[in-house]
Every structure is written in C-alpha cells, then in structure tokens.
Protein chains: 2
Amino acid sequence: MNTVPTTSAEENYLKAIFKIAEKEPGAVLTNALAAEMGTSAASATDMLKRLSEKQLVVYEKYRGVTLSETGNRIATDLIRKHRLWEVFLVDKLGFAWDEVHEFAEQLEHIQGENLAERLDDFLGHPRFDPHGDPIPDAQGHWLRRAQVRLSTLTPGQRGIVTGVDDHSSTFLQYLNELSLGLGAELELLERTAYDQSTKIRIRTRESVLSEKVCQNLFVRII
Amino acid sequence: MNTVPTTSAEENYLKAIFKIAEKEPGAVLTNALAAEMGTSAASATDMLKRLSEKQLVVYEKYRGVTLSETGNRIATDLIRKHRLWEVFLVDKLGFAWDEVHEFAEQLEHIQGENLAERLDDFLGHPRFDPHGDPIPDAQGHWLRRAQVRLSTLTPGQRGIVTGVDDHSSTFLQYLNELSLGLGAELELLERTAYDQSTKIRIRTRESVLSEKVCQNLFVRII
DNA sequence: AAATATTTTTAGCCTAACCTAAAAATAAAA
DNA sequence: TTTTATTTTTAGGTTAGGCTAAAAATATTT
C-alpha cells in the first residue's frame with residue numbers, strides 16, 4: 001500500500017502540511033509548519049529536506065512546500081486511521097469525544113496490512129468521526145457536507161450540530177455542559193449587535209454563546 | 001500509573017528481560033538479551049545502563065540483569081496490553097491467530113489513561129489470548145493453568161489444546177491445517193519409540209506429529 | 001596456574017530528530 | 001533604491017538507539 005516506509009515523525013509532518021494546506025491553499029511556509037508542529041523553523045527545514053528526498057513533498061527553498069501525490073495519500077490514510085480509531089474509542093470503548101485525540105495520535109501510526117479496512121468494517125463504515133469530521137474512504141476520497149458555522153445563522157433559523165472547528169478538550173467540554181454535542185438541535189433566538197453574542201435554545205434550555213463559540217461550531221440548517 | 005516515562009525501545013528491552021527470565025530464572029545475561037532483541041551485545045549493554053539509571057532494572061556489570069519492581073510492573077503491563085490487543089484483533093477484527101503478533105507489538109506501546117482497562121471491559125475480561133497465553137489482570141496478577149506439553153501424554157490419553165510454545169506464524173498455520181487450534185480435542189493413539197513421532201486423532205481424522213510439534217503444543221488432559 | 005576462549009564492556013562512529021545562533025535570502029519600508 | 005525587518009536556511013551541537021572493533025573481564029582448558 002504505502003510505497004515508501006515512513007517514520008512517525010515524517011508522518012506527522014505530512015499530516016501538518018495537509019492540515020495547513022487545507023485551510024490555506026497553496027504552498028505551506030516553513031514557519032507555519034514549524035508552528036503547527038510545535039518545533040523550530042530549523043527543524044522543519046531539516047525535515048523538509050528528508051521528505052523531499054523521499055519524494056513525499058515538493059519543496060522549493062524559501063518558497064514553501066506542497067505534498068506530492070504519494071505524500072498526499074499517506075496524509076489522507078493517516079487522517080482516515082486517526083478518525084476511525086476515534087470512532088472506535090468513543091463508540092466501542094466508551095471514551096468521551098474530548099478524551100480521544102491523544103490516543104488517536106498514537107494509533108494512527110500503527111502499520112500493517114488491512115488494519116484500517118478491518119477496523120472500518122468492524123465499525124460499520126462510519127463516514128464521520130466523533131467530532132463530525134469526515135473520514136476519507138479506503139481510496140482516499142472525501143465526503144463534503146453542507147454545513148455552515150453557527151455564526152452565519154440569523155435569528156429564527158434552526159440547525160443541528162454537525163461538527164467543531166476547535167478540537168481542544170476545553171471547548172469540547174464546554175459544549176458538553178451546554179448539551180451541544182453532535183446532533184444537538186438548536187434554534188437561534190437573537191444576536192447582539194454589539195459583540196455578536198448569540199442566544200440559542202436547545203430543547204427548552206436557553207444559552208448565550210460568544211462569537212468565538214459560534215465561529216467554532218458547525219451546523220446543518222434545518 | 002507508570003512512575004517513569006519510557007520509550008518503546010526501553011519497553012521492548014524490559015519485555016525481553018521478562019521473557020528470558022520467565023524461562024530461565026535468575027539474572028539475564030547480556031548476550032541472551034542481545035539475541036532476543038536481535039541486536040548487538042554492545043547495544044544491549046548501552047540500554048542496560050539507561051534502564052539501570054531509570055531504576056527499571058538491577059544491573060551488575062558482567063553479572064547480568066534482573067527487573068526491578070517497577071520494571072517488572074511495566075513489563076507485565078506491556079504483556080497485558082499486547083495480549084488484550086491480540087484478543088481484540090482476533091475476536092473483533094477477525095484476524096487469524098497467526099496474523100496478529102506484529103500489530104500487537106505496536107499496539108502494546110500505546111500510552112494513556114485507562115486504555116487497557118476500557119479495552120479489557122470491552123473484550124469481556126478475557127483471561128487468555130488467542131494463543132492460549134494468560135493475560136495478567138490490572139493488578140499484574142497471573143493465572144497459572146494446568147496444562148502440559150503434548151509430548152508428555154501417553155497413548156490412550158486425550159486432551160484439549162490450550163496453548164502453544166512456538167508462536168511463529170509458520171507453526172500456527174501448520175496447526176490450522178491440522179485443525180489443531182485452541183480448544184481442539186485430540187486423542188493420542190501411538191508414539192513411535194524411534195523418533196517420538198506421535199499419531200493423534202482429531203474427531204475422525206488421524207495425523208502424525210513430529211516430536212517438535214508435540215513439544216510446542218500445550219494441552220489440558222481430559 | 002597459565003593459556004586460551006568466551007563474554008562483556010568501552011571507545012568511537014552513524015542517523016533521525018531535535019536544538020540555538022549565525023548567515024543568507026526575501027519582503028517591506030523609507 | 002537603499003535600508004530595515006522578517007523569514008528561511010546553514011552550521012554546529014545534543015540525545016536515543018543503533019553499529020563495529022578493540023579492550024577488559026570472566027570462564028574454561030590444558
């Protein structure tokens with residue numbers, strides 16, 4: 001399957017490049033990559049040379065980096081495995097959605113024939129992970145979904161929570177307290193012009209969300 | 001839980017020391033350890049110094065090494081995780097017993113709060129892995145079982161396959177061909193004095209096993 | 001007990017993945 | 001277009017975990 005053997009460190013860099021390029025299309029700059037990896041620019045440059053030699057990225061000095069076909073495939077497989085494992089941890093082992101990221105960061109690097117496919121079968125081919133992020137299929141194809149940020153809704157509109165942009169456990173735990181997990185149905189009651197804070201209703205309960213929360217919550221309008 | 005942070009490499013050495021000491025009680029010698037790890041004696045010495053500094057082993061130059069209390073606990077936890085993951089791979093993902101070792105070698109190093117316990121719950125607290133090896137409990141306690149090598153049975157005796165001593169996939173696959181998986185019931189029909197080869201019956205099928213096979217198969221006499 | 005063989009350790013080197021500090025390239029401002 | 005600021009790369013160093021070859025310790029023969 002994988003044409004080139006890769007280390008976990010290399011894989012993490014590929015994933016980081018993928019992630020940055022996803023939000024900000026075009027070449028990924030060294031500093032952005034270093035920041036994403038929590039490392040120094042010098043270390044990132046170092047790794048980019050290695051990845052470039054292995055043909056996993058296309059790297060031009062001072063100009064940034066993009067994933068090669070192979071690099072893109074490896075990154076996609078990693079994300080697939082990461083999200084499948086998250087489904088496993090939540091659906092089968094009973095962890096909460098804010099507890100699984102670190103485990104999945106490790107599990108995604110487990111190598112071996114057919115593991116992802118067997119896991120996918122076992123889990124019933126889930127198409128989204130516990131945070132609402134899409135899981136690419138075995139061919140690396142993505143599903144795009146009709147969802148918008150809660151911040152784009154206007155008073156009177158209703159929506160169902162489909163995902164989060166911020167995956168931090170503090171944010172996820174805050175959502176738990178608000179009963180704003182995946183699938184929660186809400187109605188936007190009013191938005192304050194001053195700071196864009198937003199009053200919503202979930203079942204019978206009303207809550208006020210900051211602009212930041214609304215920007216990090218994805219909903220499907222109903 | 002773990003008092004000392006450990007790398008995968010360190011953990012593998014601890015496991016190797018445990019494994020050797022299990023068969024050959026007493027201090028483990030550098031060469032034996034290096035052989036088990038598939039590395040050089042120099043590298044083993046190197047690692048023993050590191051492990052000794054971390055107080056995971058008691059190491060005396062030229063005299064061999066034993067696990068400290070902590071080291072023993074880490075090794076036991078690793079074996080527990082290894083075997084639990086093997087159960088998962090076979091029972092839940094549908095892998096064959098000869099396919100799971102390499103996966104489990106990786107999975108056993110996954111770190112994190114409660115993972116083993118949740119997995120154990122999910123699997124229904126299995127006490128033996130797919131090869132019949134006992135799984136220590138969360139406190140690190142082992143279950144010992146009344147089993148003997150098939151080579152110790154005499155004609156007329158019957159037994160149920162409970163485990164293997166050789167875990168190689170070639171051996172396991174050979175057992176598959178003979179329908180000699182865990183739980184198989186057999187009767188010893190006759191043993192040739194010349195080379196100790198043994199004729200057995202499984203259901204209606206008769207097979208002849210070499211001495212080597214009989215020495216690597218554990219059975220419970222019935 | 002001395003000589004020889006074996007085992008273990010030390011010494012010195014390598015690579016991956018990090019680091020800091022300095023140099024070089026590019027971008028922005030004057 | 002210089003000068004200044006920012007970004008990126010290079011240079012040189014560290015650590016973990018390997019290696020080989022040589023030295024030292026232990027064990028075995030003679």
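Here is a short chat about the sheets and the chain contact in this predicted model.

Biologist: Hi! What order do the strands take in the open sheet of chain B?

Modeller: Hello! This is a predicted model, and in chain B the six strands of the open sheet follow the order E3-E8-E4-E5-E6-E7, with antiparallel pairing.

Biologist: Which strands stand at the edges there?

Modeller: In chain B those are E3 (148-149) and E7 (205-209); each has a single partner strand, so one side of each has no neighbour in the sheet.

Biologist: Okay, and how many bridges pair E3(B) with E8 of chain B?

Modeller: Two bridges, in the antiparallel sense, with E8 of chain B covering residues 217-221. Within that strand, Phe218(B) is the residue opposite Arg149(B).

Biologist: Switching to chain A, what is the strand order in its open sheet?

Modeller: For chain A the order reads E3-E8-E4-E5-E6-E7, six strands with antiparallel pairing. E3 (148-149) and E7 (205-209) of chain A are at the edges with a single partner strand each, which is why one side of each lacks a neighbour in the sheet.

Biologist: How many bridges join E4 and E8 of chain A?

Modeller: Five, linking E4 (residues 158-164) to E8 (residues 217-221) in chain A, and the two run antiparallel. One to look for is Val161(A), whose bridge partner in E8(A) is Val219(A).

Biologist: New topic: how many residues does each chain bring to the contact?

Modeller: Chain A brings 15 residues and chain B brings 15 residues. On the chain B side, helices H5 (101-107) and H6 (115-123) each supply at least two residues.

Biologist: And how do the residues on that side of chain B divide?

Modeller: Into eight nonpolar, four polar and three charged residues touching chain A.

Technical notes: Residues numbered from 1 in each chain as written. Chains lettered and ligands numbered in written order. Predicted model: local features only at pLDDT ≥ 70, side-chain atom pairs only at ≥ 80, totals over all residues. Pairing = 2+ DSSP bridges. Helix = DSSP H or I, 4+ residues; strand = E, 2+ residues; numbered from the N terminus. Contact = placed C-beta atoms within 7 Å. Nonpolar A, V, L, I, M, F, W, Y, C, P; charged D, E, K, R; others polar.
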